[in-house]
Amino acid sequence: MFFFFIGLRPMNRSATHIHLVTEFILLGFPGCWEIQIFLFSLFLVAYVLTLLGNGTIICAVRWDPRLHTPMYFLLGNFAFLEIWYASSTVPNMLANILSKTKTISFSACFLQFYFFFSLGTTECLFLAVMAYDRYLAICHPLHYPTIMTVKLCRILVSLCWLTGFLGYPIPIFFISQLPFCGSNTIDHFLCDMDPLMSLSCAPAPITEFVFYTQSSLVLFFTIMYILRSYTLLLRAVFQVPSAAGRRKAFATCGSHLVVVCLFYGTVMVMYVSPTYGIPTLMQKILTVAYSIMSPLFNPLIYSLRNKDMKLALRNILFRMRISQNS
C-alpha cells in the first residue's frame, strides 16, 4: 500500500499546457513567529502526552495478566490506533511550523491523506465495537464470557483495521489523478479532502460523491449503533438496585459519550455537512479537536480512570522501582 501511493502522479495532464504540481504548500495556522512557537510547544506537549498516555495503556495491557480480557484487549488496540492517528498529522505539522518553505511532496501529501482517513475510519469502527462490548458486559453479564470470546474479539479488531484501510485506496487514487494546474497552496495544516479538491482545475462530482457518501455511511452507521448501544445500556443501569452502582455506571457511560460526541460532532461538521460556509480557521480548529485532542483525552476517559488499569500501572511502576534498586 505504501508503494502504491509513493508512485502517485497525475496521468491526465499535458505537460505542454498544464504545469505539473510536484509539491504542495501547507499554510498551517496564521500568526507571527511568537504565535508559531506557542503553537509548536502546545502541539508538541499534546503529542508527547498522547504517546505517553496511550503507550502506558499498551504496556499495562501487555504486561499485567489480569488485563488479558477482551475489554482490555480492545482498549490496548484502541490506544495503539490513537498513537498512529495522532502520528499521521502532528509530526508533519510540527515540522511545518518550523519550516520556512512549508512544502510537502505530492506523494507525501496523498500518503498522509490516505492514512489520516483510514485511521479515522478505523477509529469509528473501534468505538462501535467498544460500545458493543460494554453493552454485552452490562446488559448480558451472564452471557458475556461466552459471546465476547478472545477469538471473536480478535476477529472484530482485525475487521476494524482491514475495513478502515481497504476502503480508501481507490477513491484517493482517483483524486490524485485530477489535474492540479493552478495554485499549490493548501490553507490547512494537513492534506484534506476539501482543500485538495479546491485546487483541482477539473470538476470531479462523481469522485466527490463516492468519497463523501462512503465517509457519511461509516459515520452514520457507527454513531447510530453506538447511540443505540448506550441507550440500551442506560436502560439497564436504571434497573440497578444500588445507588452507588448506578452512579458509577452513569459516570462511565457519560465519560464515554463525551468522547463519542467530541469525535463524531467535529467529524460530521467537517465531512457530512457542507464546509463552504465555515471559516478556514474554524475548520482547522475542528480538525485539531478530533485528530489531536481526542487521542490525547481518550486514555484518561477510557482507561486511566479504570480501577483495574490504575492497579496495573501501580504494579508496573513498583516492579520498575524494584528492578532499578536491585
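The legends below accompany several close-up views of a predicted model.

**Figure 1. Overview of the predicted protein chain.** In this predicted model, the protein chain contains 13 helices together with 3 strands. Of the 326 residues in the protein chain, 48% are buried. When contacts in the protein chain are taken between residues at least 6 apart in sequence, 81% of them join residues that are at least 24 apart.

Figure 2. The view shows an open sheet of 3 strands, which are arranged in the order β2-β1-β3 and have mixed pairing. Its edge strands, each pairing on one side only, are β2, covering residues 103–105, and β3, covering residues 185–186. Strands of a sheet pair through backbone hydrogen bonds, and the pairing can be either parallel or antiparallel. Between β1, which spans residues 23–26, and β2, the sense is antiparallel and the pairing extends over 3 bridges. Within this part of the sheet, Phe24 stands opposite Ile104 in β2.

**Figure 3. Helix α5 against the sheet, with Ser118.** Helix α5, made up of residues 106–139, lies across β1, β2 and β3, and runs at about 85° to β2. Ser118 has its place in this helix, α5. Is Ser118 buried or exposed? Ser118 counts as buried because its relative accessible area is 0%, which falls under the 20% cut-off. If residues up to four places away in sequence are left aside, Ser118 touches Gly164, Phe165 and Tyr168.

Figure 4. Rolling a probe the size of a water molecule over the atoms shows where empty space is left. The structure holds 3 cavities of 30 Å³ or more, and the largest cavity has a volume of about 150 Å³. This largest cavity is lined by 14 residues, of which Phe117, Gly120, Thr121, Val267 and Tyr271 are the closest to its centre. The elements that contribute two or more residues to the lining are α5, α10 (residues 205–237) and α11 (residues 243–271). Helix α5 gives the most to the lining of the largest cavity, with 5 residues. By residue type, the lining of the largest cavity divides into 11 nonpolar residues and 3 polar ones, with no charged residues.

Figure 5. Lys102 is found in the loop between α4, which covers residues 90–98, and β2. Most residues other than glycine have a negative phi. The phi of Lys102, by contrast, is near 55°, a positive value in a residue other than glycine. Lys102 counts as buried because its relative accessibility is 19%, a value that lies under the 20% cut-off.

Figure 6. Pro91 lies in helix α4, and its relative accessible area of 33% makes Pro91 partly exposed. Which residues does Pro91 touch, not counting residues up to four places away in sequence? With those residues set aside, Pro91 touches Tyr47 and Ala86. Pro91 and Tyr47 are 44 residues apart in sequence, and their C-alpha to C-alpha separation in space is 8.4 Å.

Key
Residues are numbered from 1 along each chain as its sequence is written. This is a predicted model: local features need pLDDT of at least 70, side-chain atom pairs count only at pLDDT 80 or more; totals for chains, interfaces and linings use all residues. Side-chain values use heavy atoms; hydrogens and water are left out. Two strands pair if DSSP finds at least two bridges between them. Helices (H or I, at least four residues) and strands (E, at least two) are DSSP runs, numbered from the N terminus. Contact means heavy atoms within 4.5 Å. Axes are lines fitted to C-alpha atoms, for helices over the stretch in contact, and angles run from 0 to 180 degrees between N-to-C directions. On a 1 Å grid over the protein atoms alone, a cavity is a set of points where a 1.4 Å probe fits but cannot get out, and a pocket is an open set with protein on both sides within 12 Å along at least five of seven lines; lining residues have an atom within 4 Å of a point. Grid points are joined across faces, edges and corners, and a volume is the space filled by probe spheres set on the points. Ala, Val, Leu, Ile, Met, Phe, Trp, Tyr, Cys and Pro count as nonpolar, Asp, Glu, Lys and Arg as charged, and the others, Gly among them, as polar. Buried means under 20% relative accessible area, exposed over 50%, partly exposed in between (1.4 Å probe, protein chains only).
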